[in-house]
Amino acid sequence: MTSDIKKVDVLISGGGPVGLYFALRMKVNGHTFRIVDIKDEATNETRATSFSARTMEVLQNQKLAHYILQESQVLQGTQIFANGKFRGQVNMDGDTSFQQITSIAQRETEKIFARLLGEENIDRHTELVSYQQHDGGIEATVKDLHTGKNETIHARYIVGADGTHSAVRKLADDWTFEGYSLSTRFAIGDVAIEGKDAHQIPRTRGTIFINGSGIGGFIPIEEEMKDGNFFYRFLCTLSRYELDANSTGDPTHGIDHNDKSVTVEQVQTLMNDGMHPLDLKIKATRHLSIFRINSRKANGFRRNRAFLIGDAAHCHSPFGGQGLNLGIQDADNLSWKLSMVLNGYSSDPERLLNSYTVEREPLVDATMKGTGSGTKTSVMFSSLIAFISPILLSFDFIMRPVVTSTMQLNTRIPSESTLLFQKPTKNSDGLIAPGDFMRETVSLRKRIIDDQILERKTLHDILQNETSQYTVLWISTRPSSDPPCEWTRDFWNKYHDSRYVSSSSSTVVRPMIIESSVHTTQCKVPSYVDLSSTNNKKGNVKQMFWAEEQWNVQNSLTKRIGLDKHVGTKPETPAAIIIVRPDLYVAYSNLVKSPADIDNAFEFLASYF
């Protein structure tokens with residue numbers, strides 16, 4: 001028996017952190033959705049534990065980072081033991097506001113996202129039975145596993161966030177999940193430790209141990225309030241590196257709940273062997289299991305109105321803690337694009353939606369290659385690595401790429417993306433490049449002041465972007481001896497020119513004018529601004545005008561975009577236009593030496609909407 005047909009914008013299969021985050025983005029942007037999750041309840045396990053610096057920047061952009069930080073353990077980096085001896089440490093230093101590993105149990109991440117979303121919006125113990133695509137959307141059948149009742153859902157799109165055994169992927173005949181499996185087994189679980197050397201396993205750093213038998217480690221997670229035990233995620237190799245001869249079969253990636261072979265005594269032995277001669281004893285354990293590794297990827301992440309994100313699209317070794325981070329960033333990339341299409345803002349929906357695979361697949365490929373080779377090397381050559389680890393740790397040029405990769409600070413949008421400005425000119429010389437991440441800056445001062453305090457915000461504070469907007473930055477930094485830039489008025493007027501920014505697309509395109517503070521001669525609404533315009537209400541306009549107090553300090557906006565190289569040039573310092581996407585990556589950058597350069601920027605933007 002089938003109930004009445006329900007209609008939503010997006011049907012999401014999978015109620016893990018990636019699916020919940022995607023649903024949050026849909027909710028904030030005003031779209032209707034359903035989440036169906038085959039699991040009976042949210043996980044009560046630790047599972048994925050680490051958020052990278054880039055993922056925390058992504059979450060901060062959506063005003064979510066503080067929820068994670070409230071429940072997390074902030075780690076400074078990692079310490080290394082080789083053959084039982086301390087060899088050194090690696091610090092999570094880098095160009096980011098989150099110079100840390102953010103450690104949090106997956107069950108806590110799911111609780112946070114589910115609470116913000118509303119647990120009533122998640123259909124637990126519900127199976128996606130089938131779906132068919134048609135011109136107007138998809139028609140799916142889902143089954144309540146408690147009652148056995150089927151329901152038909154019409155959605156404009158379907159998103160698979162349902163893991164390596166994704167129903168969304170498997171129900172499509174032409175979607176494959178190719179790659180390999182390892183027969184290598186890993187012991188995994190949560191342990192609380194005691195003993196006279198327990199203090200050498202800090203709560204502020206991860207600990208890696210390497211010896212001839214393999215590699216393992218401890219990741220600090222949390223203190224359990226009911227008994228005061230502090231738990232670490234423990235992971236250690238149980239066998240040598242070996243490919244599974246049956247790699248073409250069904251994925252075996254992740255925790256194997258059917259294998260109960262790992263015992264407390266076995267974990268104690270692994271700990272003794274890995275950390276000898278330190279005296280460490282297991283005080284308590286949780287969730288001891290076997291972990292298996294697969295490295296697989298779907299052949300494309302889109303099939304018309306169906307998309308894959310997270311482990312449904314790709315899985316790989318947990319080496320470096322990249323899996324959950326890739327999934328969250330998949331969801332972030334797809335969500336704002338799908339929202340623009342659902343709202344009818346895109347002039348070319350196919351180009352916008354196709355860019356999801358184009359932009360994410362190269363990043364996934366690089367991660368799979370790196371984590372795969374890292375796992376193979378560390379397991380097969382653990383004796384050699386243990387011997388040379390002091391040398392490796394002593395050279396910053398060796399360790400720095402490892403740190404930035406772990407923090408994902410070098411992540412950028414691939415240059416082949418059709419959403420990036422593809423025609424660099426001499427006017428783009430030295431500027432931040434399309435595809436680069438717009439990093440955080442020192443504070444800017446709000447220009448338009450009423451009877452309020454003198455307000456200062458960083459660029460990321462200003463850009464926080466729940467509603468998926470493009471931001472067109474006009475930066476006209478110049479020496480105090482020069483007059484104000486004469487083209488600022490032209491920029492403002494061209495933004496209001498319907499040839500470039502229509503009334504509908506103005507809701508997702510916002511201008512921001514940043515001038516040197518010495519050239520903002522009045523802290524009022526500029527005379528060229530028409531406050532009677534619908535988009536120019538004073539409350540909105542106040543967020544569009546900012547002053548840079550010092551351009552020649554580290555991490556100033558002027559230096560971040562590369563304009564500092566041109567300040568003071570003759571005959572006149574140029575301005576710059578930087579178009580920042582909703583995900584904080586740069587879509588366009590160019591110097592402005594004439595009003596025609598402003599036209600070029602808005603013509604590029606108009607190609608989207």
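Analyst: Let's start with cysteine 315: its relative accessible area is 1%, so it counts as buried. Keep in mind that this is a predicted model. Cysteine 523 is another story: a relative accessible area of 30% makes that residue partly exposed. Cysteine 523 takes part in no disulfide, and the nearest cysteine sulfur, on cysteine 485, sits 19 Å away. A disulfide would need the two sulfur atoms within 2.5 Å, and the count for the structure comes to 0 disulfides.

On to the aromatics. The structure has 24 aromatic pairs. One of them joins phenylalanine 307 and tyrosine 356, with 6.3 Å between the ring centres and 70° between the planes, which is an edge-to-face arrangement. Phenylalanine 307 belongs to strand β19 (residues 306-308) and tyrosine 356 to helix α8 (residues 349-380), so this pair ties together parts that are 49 residues apart in sequence. What about burial? Phenylalanine 307 is buried, because its relative accessibility is 0%, and tyrosine 356 is buried at 0% as well. There's also an aromatic cluster made up of Trp336, Phe421, Tyr470, Tyr588, Phe604 and Tyr608.

Now for some helix packing. Helix α2 (residues 53-61) and helix α7 (residues 323-342) have axes that come within 10 Å and cross at roughly 35°. The crossing of α2 past α7 is left-handed. On the α2 side, the contact is made by Arg54, Thr55, Val58 and Leu59, while α7 brings in Asn325, Ile328, Gln329 and Asp332.

Last stop: glutamate 515, which you'll find in strand β24 (residues 509-516). Its relative accessibility is 7%, so this glutamate counts as buried. Who does glutamate 515 touch? Leaving out residues up to four places away in sequence, the contacts are Arg447, Ser476, Thr488, Thr520, Trp546, Ala547 and Glu548.

Methods
Residues are numbered from 1 along each chain as its sequence is written. This is a predicted model: local features need pLDDT of at least 70, side-chain atom pairs count only at pLDDT 80 or more; totals for chains, interfaces and linings use all residues. Side-chain values use heavy atoms; hydrogens and water are left out. Axes are lines fitted to C-alpha atoms, for helices over the stretch in contact, and angles run from 0 to 180 degrees between N-to-C directions. Helices (H or I, at least four residues) and strands (E, at least two) are DSSP runs, numbered from the N terminus. A crossing is left-handed if the near helix is turned anticlockwise from the far one by less than a right angle, and right-handed if clockwise. Contact means heavy atoms within 4.5 Å. Buried means under 20% relative accessible area, exposed over 50%, partly exposed in between (1.4 Å probe, protein chains only). Rings of Phe, Tyr and Trp (its six-membered ring) pair if their centres lie within 6.5 Å; planes under 30 degrees apart count as stacked, over 60 as edge-to-face and the rest as tilted.
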